[in-house]
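Keep the structure in view as you read.

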Amino acid sequence: MITMKNVRKTYGTFQMDLSMEIPSGQITGLVGKNGAGKSTTIKLILDLIRKDSGEIFVMGNEPVKSSKRGKEDIGVVMDECCFPENLTLKDINKIMSYTYLNWSEETFLKFAGQFSLSEKKQVKDYSRGMKMKLSIAAALSHTPKLL
């Protein structure tokens, strides 16, 4: 599912060198102290930042060469909610339906109900935990192959 071979990323005095392979169907956690490179690793996998050297393959493709369609197969939940504060659940559902070809309103609303997310509140009125539940609901509602 994910292969990283001799990947290097440098920021000033910080240097990360990483090789790893995560097969399909495996649950893997990145654990380490602050500044160890956990977020950097995720950003490299998602092609949000460029590696200095090495190879990265996600579902058999290099992230930089993967199509928009290939990126739709990835669901992500970051440590902060990434939705604008003034949106409601209904707004997010509508935006995401235009963003993902496989978006399932039914799945999204099912998770929203299970997580007790109010349809009337704006994101800014959710607690941090509720914002994380919203992010999880969105990440799972387009049937990603990689989460």
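Q: Which residue lies over the face of Tyr11?
A: The model is a predicted one. A charge counts as over a ring if it is within 6 Å of the ring centre and within 35 degrees of the ring normal. Here the distance from the ring centre is 5.1 Å. The residue over Tyr11 is Lys9.

Q: Over which ring does the charged end of Lys110 sit?
A: Look for a ring centre 5.1 Å from that charged end. The ring belongs to Phe111.

Q: How many aromatic pairs does the structure hold?
A: Ring centres within 6.5 Å make a pair. By that rule the structure holds three.

Q: Is the pair of Tyr100 and Trp103 stacked or edge-to-face?
A: The ring centres of Tyr100 and Trp103 are 6.4 Å apart, with 20 degrees between the planes. Planes under 30 degrees apart count as stacked. Both Tyr100 and Trp103 are buried. The pair is stacked.

Q: What is the angle between the planes of Phe111 and Phe115?
A: These two residues are both buried. Their rings lie 5.8 Å apart, centre to centre, and are stacked. The angle is 25 degrees.

Methods:
Residues are numbered from 1 along each chain as its sequence is written. This is a predicted model: local features need pLDDT of at least 70, side-chain atom pairs count only at pLDDT 80 or more; totals for chains, interfaces and linings use all residues. Side-chain values use heavy atoms; hydrogens and water are left out. Rings of Phe, Tyr and Trp (its six-membered ring) pair if their centres lie within 6.5 Å; planes under 30 degrees apart count as stacked, over 60 as edge-to-face and the rest as tilted. Buried means under 20% relative accessible area, exposed over 50%, partly exposed in between (1.4 Å probe, protein chains only).
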